[in-house]
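Please work through the exercises below with the sequence and the model at hand. Each task is followed by a solution in steps.

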Amino acid sequence: MKAPRNRFKWMVLAMVMALVVAACSGDSSDSESTDNGGSGETTTTAAATKDPIRIPAINQEDGVTAFPDERQAVESVLAWYNANGGLDGHPLELDLCTAGDDPESTQVCAQAYANDDSVPFVYSIMVPNSAAMFDVMANAAKPIVAHNSFDIPDVLQPDTYNSDPGLLPMATTLLLYTIEDLGILDVGIVVSDDEVGRGTAEFLSFLVTDVYGGTPTTITYDSSVADLLPVFSAADLDAIDGIIFVPTSVEDCGPAAAALDALGFDKPVTGGDGCTAETFVQTGNLEEWIFVVGTTMLIDGDEDRNLALEIFNDYNGPPIGGLVAPATMGAFYMIDVIEAAYAAAGNDAAAITSDVIRAAAESYTGPLTLGPESFACPGPDPFVAQCNQSATVVQLNGEIFSQVSDWYEIDVTQYAALLEG
Amino acid sequence: MSERVLTLTAMSSGYDNTAVVRDINLHVDRGEVVALLGPNGAGKTTTLGTISGIVKLMEGSVEVMGHAVPKLRKAHQVAQWGVAHVPEKRGLFFQLTVDENLKLAPGLTGPTDKAYDLFPALKPLKGQLAGTMSGGEQQMLALGRGLLSDPSLLMVDEMSLGLAPVIYEKLMPMVRQVADETNAGVLLVEQHTDLALAQSDRAYVLSHGDLVLEGSAADLLRDRHLIDAAYMGVEELDSDEEIDCPHCGKTVSTSATHCAFCDLALPENGA
Amino acid sequence: MEIYLQFILLGIGSGVVFAALALGLVLTHRASGVVNFAHGAIAMYVTYVYSSLKDDGAYPVPPLPNPFAIVEGILSWVGITVALPDFPTFIQMGDEWPWWAAMLGAVITAGVIGFLFHYLVFRVLRYQPPLAKVVSSVGLMLILQAAVVIRFSNRARNVESLLPNDGVDVLGTTVPMDRFILFGLMIAATTVLYLVYQKTKFGIMTRAAAENEQHATLLGISADSIAAVNWIVAAMLAGLVGILAAPITGLNPLNMTLFIIPALGAALVARFSSFWVAVWVGMGIGAGQSLLQIMEIRLDWIPDINLSQGLPLVVIVVAMMVRGQVLPSRGAVERGRLPLALPTRIRPRVMTVWLILMTWLLIWGPFEWRQATINTLIAAILAMSLVVVTGYVGQISLAQLSLAGIAAFMLSSLATDAGVPFPIAPLLAALVATFFGLIVAIPALRVRGASLAIMTLAAGVAIEVFLFKSDGWLAGDSPRRVADPSFLGIEFGPNSPFWFGDGKVPSPAFGLFVLLVLTGCFIAVIRLRQSMLGAQMLAVRANERAAAAAGVNVQGVKLAAFGISSFLAGIGGTLTAYKFGTYSMESFAILASLSLFAFSYLGGIATVAGAIYAGTLYQQGIGTLAFEKLFFDLGRYEAYLAGIFLVITALVQPQGIDVFDRRERRRIAWGFMVLWRRMTGNPDRTKPEWVTRIYPIYPKPQEAVAEAPEKVPAEVGEGGGGS
């Protein structure tokens, strides 16, 4: 027994020494960065030379569920912004705390910011484990500027300002478009099997039957199922004239589209913006799908799109599409908030406090660059975290998105009924 | 003239760093049948295992067909050198059929017909699972497989175990036949001394892990009492009753008139 | 009626995936007696390789340690900065690759992976107990998954279908052609495998070696070579499954890894021996899931609780109840040792010192360390639940965190919704978890080893699906808030005010509360180890039959172990809920259970000290924080390194980190002292007594005891070298 024991000991010690040396070398041995995912540099040109204004941010990108693209989008927007003068000469710099799949890591980031008196607010890029930070930030009375509304609690949390339209409002918009613009009353509602999905389906069904007198069919699928085909077949697709697809997890877009395509379903399909990611569009299975989006960034030829493409091109941005679009929109919102706070603080960066940020976020009204026509925070009670905004609808044709409707005002107060259920 | 197929030189081996057999010197030549005798627990199976490379060799050397026995990991090479080891429990695969078991004979390239010729009783059992056969049938299968590979050294461990004497008496002469016809060396491990010696040329006797007796089969058959004494264990003799034979040096009982080993007369009143 | 037939047919897609994975599982078990939990992960990894080659022409290089970094480091100490080459992350070869070239590259990679798994890991573990093999394959799964996350982040990748998917009208429903083609391919593969293993010499040799390795060796069969070939074939098969099925299932780091559970069920029913049985049962599970889905929709009397996801568990449990111990043994003697469950004594002075230190840290330490300590303490309780059930009784349980999640949920319902006060609410919640743990234990009584691991894994998933996701009575729409615990008017939640300290979060009040609970659990588990029940547990672990022959109530002991362990898990779950102030499903997902198991083994699965070590390494524990402070932030590499260390531990030192125990620690400390003395030019001292002293395990009886008898039992007890 001695030999293996000693071997193990020396192996562990050797590895520790190796790590010590590797770490102290500065450029540590794990510096293999991901492909085309370099950290966006905040270039300070002659235009932005004053002290940087730090933006305390949290993003989940270390685990299996990761959003590095969205953070990359934010960084490239900031780089562009700084290259064009920054905020009155101050460059805006992202202070990033990354989290993994475990909620503990999100909580650790939140606590670091909560306990730091020089931090007035937190910018939450994509944090699915938001529950782990809400208690901490609420206790510290610091506002959260975010663009992720993954779950219903996300839109109920006070002192949070979510620029993301959110799943429920998007779904409602899709429904409105399907019923009012396309004239379809026999609607298929496809949701994933979790709290949010079921809640969404319940609400939409209610709308269809009680408000419009149509016939809804709810199809719930489990993300962990190997083949989505049986689920869709179960739906008696002949009785449905159109489908509204509201996935909670963006990865479901691919298999769902493939299943519908395989079934030869040729009636209108409307889906959430998560499915507009390049990787799904390229499969060709989403041809003619209709998407609700909170930003015109995806619309071919639109000046917002051109600007975004330019920014991403010049400042190391990710592929456009999917959740990158609302993240970019949210970055512009965040910049606007800081600009307003700066002005309210008498052009003194040091005087930006939590109250100042809060006031700036609350009193903001759109339109946003790369954003909806109208945008205002906070949302209506009790959905205070869900900023009031509008959304529009685009259709995919040969990998090109074209706008096919006007802007819809998203009215979140309709969802109050859900909270009691 | 005969080629040596197996040589054990001062071999010690065992399990968990404890030697079970010590200082064994043994050899087998082509065309001869050698019996390895001894009571239960003497270390016969361990010896065979060491030759086959599945028991760790601690001291001394083992040479098989001119090769030194390999490390435990490469034990499978031994069979490939032409050693057929039929182990104590026959080494059959109960989940496989008779034919499949036969097909596993090492180095077998042709058909399995030879085994059926040797043991016609196996023919109707071709597709039967080995685990469902009787003891005698299993032993025939094991032997048949061993012979199929045309070995240079055939080692059989306790062939008689669990077999009715009728069957056993039929199978035993086969090992003589094998040695005579194929010029293979045969190492036969047995508890039943008489029948084993009847087929053998020479024999060794193990007791408690030591080699206590060796000689030609004829000699040992004639002087059965020597084997009995060996089974009892040399150390059981009281030291008063032991003397050293002045001719060959081995320890013998004072009550004997002739030395058990060299068969020369012992002095009357002990030297 | 017709619709049910239709749905049985529609289950063909997922059925093929499960069946094909089950084929590979049977292969690897035949090859080396291993239940390969990483099989689905191999499929996933190879499919990523295929996707990367096909879409980008880039071959992903697994993360490798760079020896040059050490050179760079040494040089930088003396002020020279050099940038030496590093391993590339991707090898770029052209732009896009044609599908057949990408497939070839991917399948070759699969073969290499299979070979390495055999050669580096499972060949070495051949004679080790099942725990080591389960741990290793879990570790390999974590490694593959982490490697994909590191290389590909989470950019969803879509794999285009290589097969035509025009619809075919059968039985009144439309089924895309690709499913039928896949089915046909799988039947062909099964036929080929069957013929090879029945007719060819290689196949017969494999079956022979699977039955009894020693006898096979006597016939000149190299079990190693046979196993290597089988592993390579199994891995390649997994890769092909992944590539062909990805257009149906989607490609992400998680799903294929989880498909292993229905596949395990199918392989289990096939006793890991029969290809055809595995295939038909796999197809059956796919068809059954599909059928259950339509039945839930059409038949109102069936509650909408996602029955289909519980089907694998039902299949596994039924198979085990009917067949009992299903995994065939290989005739080889198990020579390996299980981790020693060293008896410990509660040393009041040492404990007091530690408690004072911890109290100081939790009140006045920097807030990051306070939170890390809290995370460590809670994780240690969860790890202790594994110590009791796996360390002491040898029952591998992969469902601990699911049970913890039940408690967390119950706490939310009881405390927040129903207003049940502290401490009744958390205790009640833990008891509910215990109840479910005992339910899980009942089918577990008949099985052990890898079979049990499979069953608990399926149970964990079933709990997750049934209770958390569906409309079951534990899920809900309202936010799952958990109010701060308070007693007699004093609040001690993570944000509660406290009289001392820096006023930052986490509150020292919460920290002290957790410390108190941990101390209680610590003492309880040590007492358990010292008690008669503890001795009986170890007896059951060593040899169930012998224990039964000695009069131990084996079933009772196992039930007690599961019960105690579930209670501890429940306590851990309630503390986690208090920690966040809310319930978060991510904490209790099945992957978290596997992760906890991994770290517990790494820390030392059979001792309470090991549980504490495990806690330091677990998510955001003291170990993680210390590492981050001293070296660098591991980020995505944490899971990768954890997997690697886990496999190394299983291979080399099943004792885990706890090997550095008692006398080892003192010897190391003494070694440093000697080094220091020599460096400062002082002469060597004689080795003091405290370095080598053997502490008695149990308190001495009042009368004087002779010195000599202390040696032998104390040696065994201390377990210093133990060989």
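Predicted model: local features only at pLDDT ≥ 70, side-chain atom pairs only at ≥ 80, totals over all residues.

Residues are numbered from 1 along each chain as its sequence is written, chains are lettered from A and ligands numbered from 1 in the order in which they are written, and side-chain values use heavy atoms, with hydrogens and water left out.

**Exercise 1.** Determine how the rings of Tyr197(C) and Phe275(C) are arranged.

Step 1. Rings of Phe, Tyr and Trp (its six-membered ring) pair if their centres lie within 6.5 Å; planes under 30 degrees apart are stacked, over 60 edge-to-face, and the rest tilted.

Step 2. The ring centres of Tyr197(C) and Phe275(C) are 5.3 Å apart and the planes stand at 65°, so the pair is edge-to-face.

Step 3. Helices (H or I, at least four residues) and strands (E, at least two) are DSSP runs, numbered from the N terminus. Tyr197(C) belongs to helix H7 (residues 177-199) of chain C and Phe275(C) to helix H13 (residues 275-298) of chain C, so the pair ties together parts 78 residues apart in sequence.

Step 4. Buried means under 20% relative accessible area, exposed over 50%, and partly exposed in between (1.4 Å probe, protein chains only). Tyr197(C) is buried at 2%, and Phe275(C) is buried at 3%.

**Exercise 2.** Characterise the salt bridge between Arg179(C) and Asp227(A), then that between Asp29(B) and Arg4(B).

Step 1. A salt bridge is a side-chain nitrogen of Lys or Arg within 4 Å of a carboxyl oxygen of Asp or Glu. The whole structure holds 27 salt bridges over all chains.

Step 2. Between Arg179(C) and Asp227(A) the N to O distance is 2.5 Å. Arg179(C) lies in helix H7 of chain C and Asp227(A) in the loop between strand E7 (215-221) and helix H8 (229-234) of chain A, so the pair joins two chains. Both Arg179(C) and Asp227(A) are buried.

Step 3. For Asp29(B) and Arg4(B), the closest N and O atoms are 2.9 Å apart. Asp29(B) is in strand E2 (residues 18-29) of chain B and Arg4(B) in strand E1 (residues 4-15) of chain B, 25 residues apart. Asp29(B) counts as buried at 13% relative accessibility, whereas Arg4(B) counts as partly exposed at 42%.

**Exercise 3.** Describe the interface of chain B and chain C.

Step 1. With contact meaning heavy atoms within 4.5 Å, 22 residues of chain B touch 18 residues of chain C.

Step 2. Buried area is the accessible area (1.4 Å probe) that two parts lose on being put together, summed over both. Chain B and chain C bury about 1800 Å² between them, 63% of it on carbon and sulfur atoms. In chain B, His76(B), Phe93(B) and Leu104(B) lose the most area to chain C, together 31% of what that side buries.

Step 3. One salt bridge is counted between chain B and chain C. Glu100(B) and Arg207(C) form a salt bridge, with 3.1 Å between the closest N and O atoms.

**Exercise 4.** Is helix H8 (residues 201-211) of chain C largely enclosed or open?

Step 1. Eight of the eleven residues of this helix are buried, so H8(C) is largely enclosed by the rest of the structure. Among the buried residues are Gly203(C), Ile204(C) and Arg207(C).

Step 2. The buried residues of H8(C) pack against H3 of chain B, together with helix H2 (12-32), H7, helix H9 (213-218) and helix H10 (223-249) of chain C.
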